[in-house]
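Open the model in your viewer and keep the sequence panel beside it. Each stop below says what to select and what is there.

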Amino acid sequence: MKRIDFWFDPISPFAYLAFERLPEVLEGCHYAVEYRPLLFAGLLKHWGQKGPAEIEPKRAWTFAHVAWLAHSHDIALQMPAQHPFNPLPLLRLAIAAGPNRRVVEAVLRHVWRGGADPTDAARLQALANELAPARAPAGEDVKAELRANTDAAIARGLFGVPSFELEGRVFWGVDALPMLRAALQGDDWFDGPAWGEAARVRPGLSRI
């Protein structure tokens with residue numbers, strides 16, 4: 001059985017969609033998932049990027065695209081009352097309570113179902129009561145683990161969420177799920193030179 005590291009931040013609708021689609025796309029494969037919460041904003045800061053929601057036309061397109069993907073795959077989705085929002089309480093709760101599939105499902109659906117404010121204090125408390133974390137979400141050990149996860153993701157070259165790590169290879173985004181399945185099933189393409197050669201294309205121009 002092969003292990004997949006699923007790196008996510010509940011701020012990403014694509015992380016939610018990937019989570020919901022993963023069992024269907026990988027049906028028949030033998031795998032175990034390790035859920036790794038990270039702070040997406042930390043990746044953006046490290047790589048000097050803006051998030052999709054920080055560029056207004058891209059933000060509008062992203063949410064239209066997300067709505068279409070949910071519709072086309074029959075996944076329940078309602079946009080949260082505000083976005084972007086501060087995901088730190090949810091990330092820390094996920095770490096303090098697990099994170100296992102049940103925990104991650106509850107955290108992601110808290111944001112992407114119902115159309116409510118994901119940062120509402122009463123809703124966050126209700127979610128914490130439901131998950132009954134073994135550790136204090138606001139504890140220094142939990143905060144340190146989240147920072148360590150984010151640093152580890154950067155060290156692995158991750159730049160976005162969701163990302164899936166399988167045997168040293170990183171697959172980014174919900175659109176990469178079929179590619180992940182092929183790798184999990186031992187597609188010969190991954191044993192050839194194509195993966196490495198594709199990344200060797202030299203940059204031509206730079207805006208800096």
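Select Pro 13, Ala 15, Tyr 16, Phe 19, Glu 20 and Pro 23 in α1, then Arg 101, Val 104, Glu 105, Leu 108, Arg 109 and Trp 112 in α5: these two groups meet. Contact here means heavy atoms within 4.5 Å. By class, this contact has 8 nonpolar, no polar and 4 charged residues. Ala, Val, Leu, Ile, Met, Phe, Trp, Tyr, Cys and Pro count as nonpolar, Asp, Glu, Lys and Arg as charged, and the others, Gly among them, as polar.

This is a predicted model, in which local features need pLDDT of at least 70 and side-chain atom pairs count only at pLDDT 80 or more, while totals for chains, interfaces and linings use all residues. Residues are numbered from 1 along each chain as its sequence is written, and side-chain values use heavy atoms, with hydrogens and water left out. Helices (H or I, at least four residues) and strands (E, at least two) are DSSP runs, numbered from the N terminus.

Now show α1 and α5 (residues 101-112) whole. They pack at an angle of about 135°, with their axes 10 Å apart. Axes are lines fitted to C-alpha atoms, for helices over the stretch in contact, and angles run from 0 to 180 degrees between N-to-C directions. That angle makes α1 oblique to α5. Angles under 35 degrees count as roughly parallel, over 145 as roughly antiparallel, 65 to 115 as roughly perpendicular and the rest as oblique. The crossing of α1 and α5 is left-handed, a term for a near helix turned anticlockwise from the far one by less than a right angle (clockwise would be right-handed).

The axes of α1 and α3 come within 10 Å and cross at roughly 10°, which makes α1 roughly parallel to α3. Pro 13, Phe 14 and Leu 17 of α1 make the contact with Thr 62, His 65, Val 66, Leu 69 and Ala 70 of α3. Its residues divide into 6 nonpolar, 2 polar and no charged.

Next, select α4 (residues 88-97) and α7 (residues 140-155), which pack at an angle of about 100° with axes 9 Å apart. That makes α4 roughly perpendicular to α7. Leu 88, Leu 91, Arg 92, Ile 95 and Ala 96 in α4 meet Val 142, Lys 143, Glu 145, Leu 146 and Asn 149 in α7.

Turn to the backbone. Most residues other than glycine have a negative phi, and most peptide bonds are trans. Which bond joins His 83 and Pro 84? A cis peptide bond does, with omega about 5°; Pro 84 is in the loop between α3 and α4. Another cis peptide bond joins Val 161 and Pro 162, with omega about 0°, and Pro 162 is in the loop between α7 and β3 (163-166). Ala 132 has a positive phi of about 45° although it is not a glycine; look for Ala 132 in the loop between α6 (121-131) and α7.

The last stop is the largest pocket, with a volume of about 730 Å³. Of the 32 residues that line this pocket, select the closest to its centre: Phe 14, Phe 40, Gly 51, Pro 52 and Val 161. On a 1 Å grid over the protein atoms alone, a pocket is an open set of points where a 1.4 Å probe fits, with protein on both sides within 12 Å along at least five of seven lines; lining residues have an atom within 4 Å of a point. Grid points are joined across faces, edges and corners, and the volume is the space filled by probe spheres set on the points. α3 gives the most to the lining, with 5 residues.
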